[in-house]
Amino acid sequence: MDPVRHFAGTYVEARDKFFAVTKTLGMTVSRHIHPAARGAAGEELSLDVSVLGDASSAAMLMLVSGTHGVEGFCGSGCQVGLLHDAEFVAAARASGVAVVFVHALNPFGFSHLHRTNEDNVDMNRNFRDFAAPPPANTAYAEVHSFMVPATWPPSPENEGVPLPTMVVMMPLVAMRRTRCVS
Ligand SMILES: [Zn+2]
């Protein structure tokens, strides 16, 4: 397998690769074309969704690319590469799990090489309603004091957090806060 061929140099090329492989696999693509914004080359922008396997399945794996626009080059390449992997496709279809491919959640940022969308919104940070109180995040609360020390430089107490605790906790916090694959 040559993974490089699944990656693209432009948003349009990435989308075309996604369209091509989904067509080969007989998957339909649900297109959501941006009503107003255009790409860097004046092209149409779209968020495209295609499902591998049984779309009515109660079990679903969602793979999203391009939440942070420009990161879509990596995410799209991974999506297209996965769909070219016959072993993965067969296993997914046999598993009963619907694998939902969301291609270019932020097509504007993808095409214009920005992290944010056409409204300068970071879709992975500003998806919630900031007028409402933030939801409780107990996992973060446990590690807040050593991530954001009350004093700087950190007090001996902060620096005294056992290393194994840090090593175990930090990835857990990161995982709970992470919402995109790219
Ligand atoms: Zn990201």
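Colleague: In what sense do β2 and β4 pair, and over how many bridges?

Modeller: This is a predicted model. In it, β2, residues 44-52, pairs with β4 in the antiparallel sense, over five bridges.

Colleague: Which residue of β4 is the bridge partner of D48?

Modeller: That partner is H103.

Colleague: And β3 with β4, parallel or antiparallel?

Modeller: Parallel, over five bridges. Within β4, V102 stands opposite V64.

Colleague: Switching to helices. Which residues of α1 are buried?

Modeller: Y11, A14, R15, K17, F18, V21 and T22 are the buried residues of α1. Viewed down the helix axis, they fall within an arc of 155 degrees, so they line one face of α1.

Colleague: What is exposed on the other side of α1?

Modeller: K23 and T24 are exposed there.

Colleague: What do the buried residues of α1 pack against?

Modeller: They pack against strands β1 (29-38), β2 and β4, and against helices α2 and α4.

Colleague: What span should α1 have, and how far apart are its ends?

Modeller: With 14 residues at 1.5 Å a residue, α1 should span 20 Å. The C-alpha atoms at its ends are 20 Å apart, which agrees.

Colleague: Now α2. What about its span?

Modeller: Helix α2 covers residues 72-83, and its 12 residues should span 16 Å at 1.5 Å a residue. Its end C-alpha atoms are 16 Å apart, in agreement with that.

Colleague: Which residues of α2 are buried, and what do they pack against?

Modeller: The buried residues of α2 are G72, F73, G75, S76, G77, Q79, V80 and L83. They pack against helices α1 (11-24), α3 (86-95) and α4 (107-112), and also against strands β3 (60-64) and β4 (98-103).

Colleague: One more topic, G53. Where is G53 found?

Modeller: G53 is in the loop between β2 and β3.

Colleague: Is G53 buried or exposed, and why?

Modeller: G53 is buried, because 21 other C-beta atoms lie within 10 Å, and the cut-off for buried is 20 or more.

Colleague: Which residues is G53 in contact with, leaving aside neighbours within four places in sequence?

Modeller: A92, R93, V97, A98 and V99.

Colleague: And how far apart are G53 and V100?

Modeller: They are 47 residues apart in sequence and 8.6 Å apart in space, C-alpha to C-alpha.

Notes:
Residues are numbered from 1 along each chain as its sequence is written. This is a predicted model: local features need pLDDT of at least 70, side-chain atom pairs count only at pLDDT 80 or more; totals for chains, interfaces and linings use all residues. Helices (H or I, at least four residues) and strands (E, at least two) are DSSP runs, numbered from the N terminus. The expected span of a helix is 1.5 Å times one less than its number of residues. A residue is buried if 20 or more other C-beta atoms lie within 10 Å of its own, exposed if 12 or fewer, and partly exposed in between; C-beta atoms are placed from the backbone. Two residues are in contact if their C-beta atoms, placed from the backbone, lie within 7 Å. Two strands pair if DSSP finds at least two bridges between them. The arc is that of the directions from the helix axis to the C-beta atoms.
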